[in-house]
Amino acid sequence: MTERDQKSSAFIVIDIQNDFCPEGALGVAGGDTIIAGINQEIERFDHVVLTQDWHPADHSSFASQHEGRSPYEMITMPYGKQTLWPDHCVQGTQGAEFHKDLQWTKAELVIRKGYRKAIDSYSAFFENDHMTPTGLGGYLKERGIKNITLAGLATDFCVAYSALDAAAQGFNVTVLPDLSRAIDIDGSLQTMMKQMRNAGVNFR
Ligand code: VGL
Ligand code: ZN
């Protein structure tokens, strides 16, 4: 990267939290195996942002809040379709903390998402109504960031939705699939990889 590229590029690390690692409440296979590689990327970038899934204990994306429903079922919410999840990343719990091996100290911003009971947020940019901004797009633009590199958990949910929104907002987007891991429900990985390719997301 040239010095100029370096200044206008940010690395966004998605949801490297205990609950998304194999022992966690919504464990993603191999989720902890990408952390060393992510730490190396953190070293390389001038600008690092972390995201943190951050739900109230009664969040509406939890199957436990819906009588007779099980995790991984799909329901319809006022804002559209929503997959139901095991309770995960509850605010202030150990499961919501960053994995202990993640080198997070360099991060300039931690963006929390999914903190409102009535709506989930996969993307770091917009909540799942695709309308309510988190503020991250404005933050990055105001600071002159043009290129975004993304990695983390999970490839087919928070990484993919963040990449799609970033591309739609005009950022030049690169996803690192080798430093991301997927939940992969009903072909979601293939579907989202295709959507990212169609949106002009780069892969490295
Ligand atoms: C995520 C499901 C529910 C993710 C977050 O980080 O990909 N997936 N909440
Ligand atoms: Zn979540």
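Which residues line the largest cavity? Here are some friendly notes on that point and on the other spaces in this predicted model.

1. **The largest cavity.** The lining of the largest cavity is made by Phe20, Leu26, Asp53, His55, Trp85, His88, Asp120, Tyr122, Ala154, Phe157, Cys158 and Ile183. By class, that lining divides into eight nonpolar, two polar and two charged residues. The volume of the largest cavity is about 80 Å³, and ligand 1 sits in the largest cavity.

2. **The shell around the ligand.** Ligand 1 has Asp15, Phe20, Leu26, Asp53, Trp85, His88, Leu153, Ala154, Phe157, Cys158 and Ile183 around it. Sorted by class, this shell holds eight nonpolar, one polar and two charged residues.

3. **Polar atoms at the ligand.** Which atoms of the protein lie 3.1 Å from a nitrogen atom of ligand 1? One is a polar side-chain atom of Asp53, and another is a polar side-chain atom of His88. On the oxygen side of the ligand, a backbone N or O atom of Leu153 lies 3.2 Å from an oxygen atom of ligand 1. As for cover, the protein takes up 100% of the 260 Å² of accessible area that ligand 1 has on its own.

4. **The largest pocket.** How much space lies in the largest pocket? The value is about 430 Å³. Its lining counts 21 residues, and the closest to the centre of the pocket are Met74, Thr83, Tyr122, Phe157 and Tyr161. Three elements, β4 (80-83), α4 (155-168) and α5 (188-198), each give at least two residues to this lining. By class, the lining has eight nonpolar, nine polar and four charged residues.

5. Two or more of the lining residues come from each of β1 (9-14), β6 (147-153) and β7 (172-181). Which element gives the largest share? That is β6, with three residues. The classes here are four nonpolar, five polar and three charged residues.

6. **The second largest cavity.** The count of cavities of 30 Å³ or more comes to two. In the second largest cavity there is about 30 Å³ of space, lined by Ala10, His47, Val49, Glu108, Tyr139, Leu140, Arg143 and Ile145. β2 (47-53) and α3 (136-142) are the elements that supply two or more residues to this lining. Five nonpolar, one polar and two charged residues make up the lining by class.

Definitions and conventions: Residues are numbered from 1 along each chain as its sequence is written. Chains are lettered from A and ligands numbered from 1 in the order in which they are written. This is a predicted model: local features need pLDDT of at least 70, side-chain atom pairs count only at pLDDT 80 or more; totals for chains, interfaces and linings use all residues. Side-chain values use heavy atoms; hydrogens and water are left out. A residue is near a molecule or strand if one of its heavy atoms lies within 4 Å of it. A polar contact is a pair of N or O atoms within 3.5 Å; within protein, one must be able to donate a hydrogen and the other to accept it, and residues adjacent in sequence count only if both atoms are side-chain atoms. Accessible areas come from the Shrake-Rupley method with a 1.4 Å probe; for residues, only the protein chains shown count as cover. On a 1 Å grid over the protein atoms alone, a cavity is a set of points where a 1.4 Å probe fits but cannot get out, and a pocket is an open set with protein on both sides within 12 Å along at least five of seven lines; lining residues have an atom within 4 Å of a point. A molecule sits in a cavity or pocket if more than half of its atoms lie within 2 Å of its grid points. Ala, Val, Leu, Ile, Met, Phe, Trp, Tyr, Cys and Pro count as nonpolar, Asp, Glu, Lys and Arg as charged, and the others, Gly among them, as polar. Grid points are joined across faces, edges and corners, and a volume is the space filled by probe spheres set on the points. Helices (H or I, at least four residues) and strands (E, at least two) are DSSP runs, numbered from the N terminus.
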